[in-house]
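Please read this briefing alongside the sequence and the coordinates. The points below are grouped by topic.

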Amino acid sequence: MSHPPRTRHWAQINEVSFVAGMRLLFAVYRLLGRLPFRLMLYPVLCWYIAANGSARQASRDFLAQVRRYRPGLPLRSGVFGIFLHFAAFGESLLDKMLLWGGLFPIKNVHLHGSAPISEAIAAGRGGLIICTHLGNLDLCRVIGRQHPALKLTVLVHTRHAQAFNQMLAQLDPASQLNLMQVTDMSPATAMMLAEKVAQGEFVVIAGDRVPVSPQPRVARAPFLGRSAPFPIGPYVMAALLQCPVFLMFSRRSAEGAEVSFEAFRDRIVLPRKQRAAVLDELAAAYAARLEAHCLQAPYQWFNFYDFWADCALDEQHASH
């Protein structure tokens, strides 16, 4: 069954529209440190929150949903809660620039659960890593560069964040070498990715944003007490690639950053008759893990749009 979208797609919301200001703030950080950076960041955030009503409402609704689902979490309500949410986003943008500018202390990035991926690398096996917009997913790129044996190709919708990606390229031209634009997944792209995995490389794709498509291919799954659409693309891709699937979560901490890897499936098979049921189960399993990590750092989940909104379900998914 198809439902018309109630709100704009996330790709239509320019969540990095204050990138120009971040250039100045990055220079302030390099000259004066993080405290002056934060003092100058606050006016930028206030302007952005005031000017971007849809993102402001999305933040308010998300934090309210978390509070309803887990009343015991120490989350602030109202404008101050929204400000803290966007402040965490601003800190994340700075961390991205520090990572690619060579100023982020990699020694303060603590890895958890990386043994299965290390074993796959040692055996020359590739795989698929499903990441999220929780914390700083750029850490996976830097970790890949710090470990030459780990070859990563990150699938992104770069048109959505073109200005910010250009800034990263200026800080470090190598930052674009492992990015692949995948607004449309063509057979040629699928074959290229299959070759990479066969050569022992890893493909990274986000699992918490509906695809950029008139009829996005999604499955609905429980998330923070409500049914939400999740893309089925990562699981269809994994079935095509016939490779192990891992999850990656990250979050900022007082010491630096925490990056957690989890083995998700050794292999994904989508039988024709059970295809929809299997995809629903996979989306629900991913959503459950995302929820668990999101509750540890709710201010660090950066999806500033109506995540639970109805969207047009893909007819092919519904009919198989």
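Two strands are taken to pair if DSSP finds at least two bridges between them, and both helices (H or I, at least four residues) and strands (E, at least two) are DSSP runs numbered from the N terminus. The model is predicted, so that local features need pLDDT of at least 70 and side-chain atom pairs count only at pLDDT 80 or more, while totals for chains, interfaces and linings use all residues. Residues are numbered from 1 along each chain as its sequence is written, and side-chain values use heavy atoms, with hydrogens and water left out.

**The sheet**

- Strand β8 (residues 245–252) and strand β9 (residues 257–265) run antiparallel and are joined by eight bridges; within this pairing, Arg-252 has Ala-257 of β9 as its bridge partner.
- Seven strands form an open sheet with mixed pairing, in the order β1-β9-β8-β2-β5-β3-β4.
- The edges are formed by β1 (109–112) and β4 (179–181), each of which pairs on one side only.
- On average, neighbouring strands of this sheet are turned by 25° against each other, direction ignored.
- Helix α8 (residues 187–198) packs on the sheet and touches β2 (127–131), β3 (152–156), β4 and β5 (202–206), and its direction makes about 160° with that of β4.

**The α2 and α4 pair**

- The axes of helix α2 (residues 34–51) and helix α4 (residues 78–100) come within 10 Å and cross at roughly 125°, where axes are lines fitted to C-alpha atoms, for helices over the stretch in contact, and angles run from 0 to 180 degrees between N-to-C directions.
- The two helices α2 and α4 are therefore oblique to each other, given that angles under 35 degrees count as roughly parallel, over 145 as roughly antiparallel, 65 to 115 as roughly perpendicular and the rest as oblique.
- Residues making the contact (heavy atoms within 4.5 Å) include Phe-37, Leu-41 and Leu-45 of α2, and Phe-83, Phe-86 and Leu-94 of α4.

**Positive phi in two loops**

- Leu-224, in the loop between β6 (218–223) and β7 (226–231), has a positive phi of about 55° although it is not a glycine.
- Leu-224 counts as buried because its relative accessibility is 0%, the classes being buried under 20% relative accessible area, exposed over 50% and partly exposed in between (1.4 Å probe, protein chains only).
- Gln-242, in the loop between α9 (233–241) and β8, is likewise not a glycine and has a positive phi of about 50°; with 37% relative accessibility, Gln-242 counts as partly exposed.
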